[in-house]
Amino acid sequence: MQFLVLAHDGTDAEAPARRQRVRPQHLEGIRPLAEGETLILGGALLDEEGGMIGSAMLFEAEDEEAVRALIEGDIYFREGVWQNFQILPFKRAV
């Protein structure tokens with residue numbers, strides 16, 4: 001089953017620095033999911049000026065709990081970059 005995740009960064013003044021500080025570890029940690037069949041796509045949500053304010057990801061997983069475990073295990077979540085997230089069942093049409 002597929003799940004769309006929308007993860008939103010904090011809006012405090014330190015939020016961009018938190019993201020940049022752990023971004024290399026985030027990308028390294030998520031690489032195996034992207035190389036396998038778990039992470040179908042992922043990328044940054046941007047504000048009007050092009051600054052990163054969150055993430056959008058599409059996962060293939062057994063259930064929502066599996067996706068939640070992946071998100072909560074990510075360094076962006078553990079280090080407070082992502083302040084909240086939504087997991088939505090997703091059905092690809094095209």
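**The largest pocket**

I looked up the lining first: 17 residues line the largest pocket, and His26, Leu27, Gly42, Gly43 and Ala44 lie nearest its centre. I noted that this is a predicted model, where local features need pLDDT of at least 70 and side-chain atom pairs count only at pLDDT 80 or more, while totals for chains, interfaces and linings use all residues. Residues are numbered from 1 along each chain as its sequence is written, and side-chain values use heavy atoms, with hydrogens and water left out.

I checked the term: a pocket is an open set of points on a 1 Å grid over the protein atoms alone, where a 1.4 Å probe fits, with protein on both sides within 12 Å along at least five of seven lines; lining residues have an atom within 4 Å of a point.

**His26**

I found His26 in helix 1 (helices are DSSP runs of H or I, at least four residues; strands are runs of E, at least two; both are numbered from the N terminus). Is His26 buried or exposed? His26 counts as buried because its relative accessibility is 8% (buried means under 20% relative accessible area, exposed over 50%, partly exposed in between, with a 1.4 Å probe and protein chains only). Not counting residues up to four places away in sequence, His26 touches Asp74, Ile75, Tyr76 and Trp82 (contact means heavy atoms within 4.5 Å).

**Asp47**

I then moved to Asp47, in the loop between strand 2 and strand 3. Asp47 is partly exposed, at 27% relative accessible area. Its side chain reaches the backbone nitrogen of Glu49 at 3.0 Å. A polar atom of the Asp47 side chain also lies 3.0 Å from the backbone nitrogen of Gly50.

Methods. A polar contact is a pair of N or O atoms within 3.5 Å; within protein, one must be able to donate a hydrogen and the other to accept it, and residues adjacent in sequence count only if both atoms are side-chain atoms.
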